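Reader: I have a structure here and some questions about how its parts meet. Can we go through them briskly?

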Amino acid sequence: MTDTAKKPHGPDGTACPDNDNNPLLNWTEFPDFGLIEPRHVEPAVGAALTRADAELSALEAAKPTGWDDLMAPLERLGDRVEHVWGVAGHLNAVRNSVPLREAYQRAQPNVVQFLHRLGQSRGLFDGYVGLRGGNEYAGYDGARRRVLDSAVRDARLAGVDLDGAARERFLAIGKELADLGTRFQNNVLDATKAFSLTLKDPDEIAGLPATARQLAAQAAVAAGNEGATADAGPWVITLDAPSFTPFMQHARRRDLREKLYRAFITRASAGPLDNLPIIRRSLVLSREKANMLGYGTYAEMSLTRRMAPDVAAVEKLLLRLRDAARPAALRDLADLRELARQAGAAEAENLQNWDATFWAERLREKKFRLTDEQLRPYFPLPGVLDGLFGLAERLFDIRVRAADGQAPIWHPDVRFFRVADGAGRHVASFYLDPYSRPAEKRGGAWMDSLYGRSAACAAPGRRVRLGVAYICCNQTPPSSDTPSLMSFDEVLTLFHEFGHALQHMLTRVDCGLAAGINNIEWDAVELASQFMENWCHDRPTLRGLARHWQTGKPLPDEMIDSLIAARSFREGSATLRQVNFSMIDMELYHRHDPAGQDSPLDVQRRIAAETLVMPPLPEDRFLCSFSHIFAGGYSAGYYSYKWAAVLSADAFGAFEEAGLHDEQAVRKLGRRFRDTVLALGGSRHPMEVFKDFRGREPQPEALLRHSGLV
Ligand code: ZN
């Protein structure tokens, strides 16, 4: 705790008297969210960490040699920290306030320090290795073996078995890489902020939709143009995605699109904010780190923690996708030229990067007249939930029942549900916080865990603790006379997060460290979530799901056709874009010699030339703002987006092959998906889990088919 002086401590310095009634610390089944205040965070976190630290020291000193003396207490001590820190983090995300944010930030460094200590503990590492070589090991199930393997691997990757000067150097590299990542990100943010386009003439914003004009007027006010309005201007356009993207999609003034585009692709690439030196240094250090641990390249090291077996397997997939997507992307480009020609646009014969997004939007409008506003009345939240739960019942033989009032909530709109298996046995529960609340809830959507299934953490007298999930979305709230009417994207998002929650809730693994989504390689973690999204494009499911909130009429067939067709719209171009990013990432962290003559920008240019159908400008420096791989934890991991898409499409492909109209086949496969992907969690390698379900290794054909590329 940073301000211990202000907090009254007990005589032994460990217990805070005010913690006796601290609702963040003292809860068992469910926290009483309504009682938790920002002032509770630091004392509760402090007490949890003090206890966990003492337990960890005791474990290190005792040198235990059995699972029950080492791994079970270790799981419990981590779980108790999470018991407090997880709830604080959750409230910070859904009920944010300045005092809560400040309390959270003050407590955070201590939690980080504790996790560091846990990851770097030589004593624990020796314990894991001892367990792997010990007498008990032969009797361990797959879950325990996998947990130990991961623990040994992660400790080694944290440099635990390096000694003396090597260890010092390793930790120094880690610290410098973290600092470089922070600087990289800050430079991108500062460079993004440094550019803006102030427009005063209505002609300059011609084509921009009302929402984008409104945003541009707000940006103008923020920039000091008091009295700016959406209709009269002035308008400020920035390089932030919510401003940049609609302008590139809709603004008719080609010269302004070009100006904005050129600014965008050269962010953080010159002067004091230049990220190129940071990129070079990061690549050198990443290679050094990998070499110190005995790996040839950073990518090889990184892939030891992934489902993908090696670089060759990743590159094979990327090349396959590239070759399938290129002809489609060329057709996409020809479509845009044709449309521009029909519209009599001068640029038709010379389409540039700043034209592609604009004409793609025109084509979308022409082909798919369906707007969100037309679809929303068919997707009221209560109906969508009925459809989603009905699908889960049909596929996985579970029952989802509203249980509002049976657990405390943090906002009146939050719902609580219980999940039972086919025999009516309770297996898990979840909260659903569906609506956007910009003043206190962070954006986006996510699934998180209040706690997971675990035998080691079961209450006294119980065999196992059952999991509880949070599902948080940011969809359109209801109004006084309408329910929440969802856009199709919001429906997809809800299905996606529910898929994550299913994997958390339907796990049958009792070893908490490998239950649910724990211990799953992260290039496999999106399998369950994206799998659920697929059902939103299944005609019968969609028909059952979408009913007009007033008339009860199902979504008209032509609208369903349009939704299904829109799914593969320009997928060739989108796939190439993702493949380009993934290949540049892999090349830089694998084949590229960071100490050699080639510049990272040469790599960017070469791969783009081999991949994209509309090559970037020679001055393109997008690498300098590619935060995913230099500041976001996706280094040598950008391919995961496509890897997971292959898995989920291929899993859904099993249902297509069996025949989606064949109810018996669908149910049978659904049960198998439940018993493998959803049940086994991190207790088996994801490739084995996938093979258990599919009977073979994943293949990209289903993804290519769904994307309209075959
Ligand atoms: Zn996800």
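Reader: How many salt bridges are there between domain 3 and domain 4?
Author: This is a predicted model. A salt bridge here needs a side-chain nitrogen of Lys or Arg within 4 Å of a carboxyl oxygen of Asp or Glu. Between domain 3 and domain 4, the count of such bridges is zero.

Reader: How many residue pairs are in polar contact between domain 3 and domain 4?
Author: The side of domain 3 that touches domain 4 has four nonpolar, two polar and three charged residues. Pairs count with both residues at pLDDT 80 or more. The number of residue pairs in polar contact is three.

Reader: What area do domain 3 and domain 4 bury between them?
Author: The contact takes nine residues from domain 3 and nine residues from domain 4. Carbon and sulfur atoms hold 62% of the buried area. The total is about 740 Å².

Reader: Where does the largest nonpolar core lie?
Author: The core has 124 residues. Phe379, Phe396, Phe430 and Trp535 touch the most other members. Both domain 3 (272-368 + 571-638) and domain 4 (376-568) give residues to this core, so its place is between domain 3 and domain 4.

Reader: Which residues is Trp535 in contact with, leaving aside neighbours within four places in sequence?
Author: Trp535 is among the residues of the largest nonpolar core that touch the most other members. With those sequence neighbours left aside, its contacts are Leu391, Arg394, Leu395, Phe495, Thr541, Phe652, Phe655, Leu660 and Val666.

Key: Residues are numbered from 1 along each chain as its sequence is written. This is a predicted model: local features need pLDDT of at least 70, side-chain atom pairs count only at pLDDT 80 or more; totals for chains, interfaces and linings use all residues. Side-chain values use heavy atoms; hydrogens and water are left out. A nonpolar core is a set of buried Ala, Val, Leu, Ile, Met, Phe, Trp, Tyr and Cys residues joined through side-chain atoms within 4.5 Å. Buried means under 20% relative accessible area, exposed over 50%, partly exposed in between (1.4 Å probe, protein chains only). Domain bounds come from an automatic or database domain assignment. Contact means heavy atoms within 4.5 Å. Buried area is the accessible area (1.4 Å probe) that two parts lose on being put together, summed over both. A polar contact is a pair of N or O atoms within 3.5 Å; within protein, one must be able to donate a hydrogen and the other to accept it, and residues adjacent in sequence count only if both atoms are side-chain atoms. Ala, Val, Leu, Ile, Met, Phe, Trp, Tyr, Cys and Pro count as nonpolar, Asp, Glu, Lys and Arg as charged, and the others, Gly among them, as polar.
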